[in-house]
Amino acid sequence: MKDNFYDFSSLLKGPLVKREKTVQNGKFSWLDTFVFRYTKERLGIIQVKSSHNPDVLFEDLSFLRVNGKSSTLPRLSTILKKCYTTPQPISAQKKKDLLKLLQFLDSEHHAFYYALTTEESLEDTDPDLPEDE
């Protein structure tokens, strides 16, 4: 899994910029958006809708800088940096809990869970819960 995590924040310092308005000058909110459409043909642009209604049109949300060229985006893989160079360990308790759930998974996936590395000093934390003071 170490190969699947990238630091996308570095893109905002380079070819991309965070936007709060669509190309059509509509207000954009991640929380109010229901549908996202990504295509290879329009790199750097996401089509968004804040409704599931098929009659509502998509709006374009461009992450390209004003003078940016979408032709530079295919090279993003050379700009993106990996977050980790080694597998990240999980707590022993978390691995124990995951192994209990293997009965619900196809056996072809079991080896992945058995191979997870653990670290005894790690504590399970939930970033969505407030920290105890």
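**Entry 1: Phe36**

I looked up Phe36 and found its place in strand β2. Strands here are DSSP runs of E with at least two residues, helices are runs of H or I with at least four residues, and both are numbered from the N terminus. The model is a predicted one, in which local features need pLDDT of at least 70 and side-chain atom pairs count only at pLDDT 80 or more, while totals for chains, interfaces and linings use all residues. Residues are numbered from 1 along each chain as its sequence is written, and side-chain values use heavy atoms, with hydrogens and water left out.

The classes are buried for under 20% relative accessible area, exposed for over 50%, and partly exposed in between, with a 1.4 Å probe and protein chains only.

I then listed the contacts (heavy atoms within 4.5 Å). Apart from neighbours within four places in sequence, Phe36 is in contact with Phe28, Trp30, Ile46, Gln47 and Val48. I also checked Phe36 against Asp60: the two are 24 residues apart in sequence, and their C-alpha atoms are 9.9 Å apart in space.

**Entry 2: the sheet around β2**

I traced an open sheet of three strands in the order β2-β3-β4, with antiparallel pairing. Two strands pair if DSSP finds at least two bridges between them. The edge strands, each pairing on one side only, are β2 (35-37) and β4 (59-62). On average, neighbouring strands of this sheet are turned by 35° against each other, direction ignored. That angle is taken between axes, which are lines fitted to C-alpha atoms, and angles run from 0 to 180 degrees between N-to-C directions.

I counted three bridges between β2 and β3 (residues 45-49). Phe36 stands opposite Val48 in β3, and Arg37 stands opposite Gln47. On the β4 side, β3 pairs over four bridges, and Val48 has Glu59 as its bridge partner in β4.

How many residues of β3 are buried? I found five of its five residues buried.

I looked up Ile46 separately. Not counting residues up to four places away in sequence, Ile46 touches Phe36, Arg37, Tyr38, Glu59, Asp60, Leu61 and Phe63.

Ile46 and Val48 also belong to the largest nonpolar core, which has nine residues. A nonpolar core is a set of buried Ala, Val, Leu, Ile, Met, Phe, Trp, Tyr and Cys residues joined through side-chain atoms within 4.5 Å. In soluble globular proteins, nonpolar side chains tend to be buried together.

**Entry 3: the protein overall**

I noted three helices and five strands, in the pattern β-β-β-β-α-β-α-α along the sequence. Buried residues make up 21% of the 133 residues.

For confidence I read pLDDT, the predictor's value for each residue from 0 to 100. The mean is 82, and 83% of residues reach 70 or more. Confidence is lowest in helix α1 (residues 76-79), at a mean of 64, and highest in helix α3 (residues 110-114), at 95.
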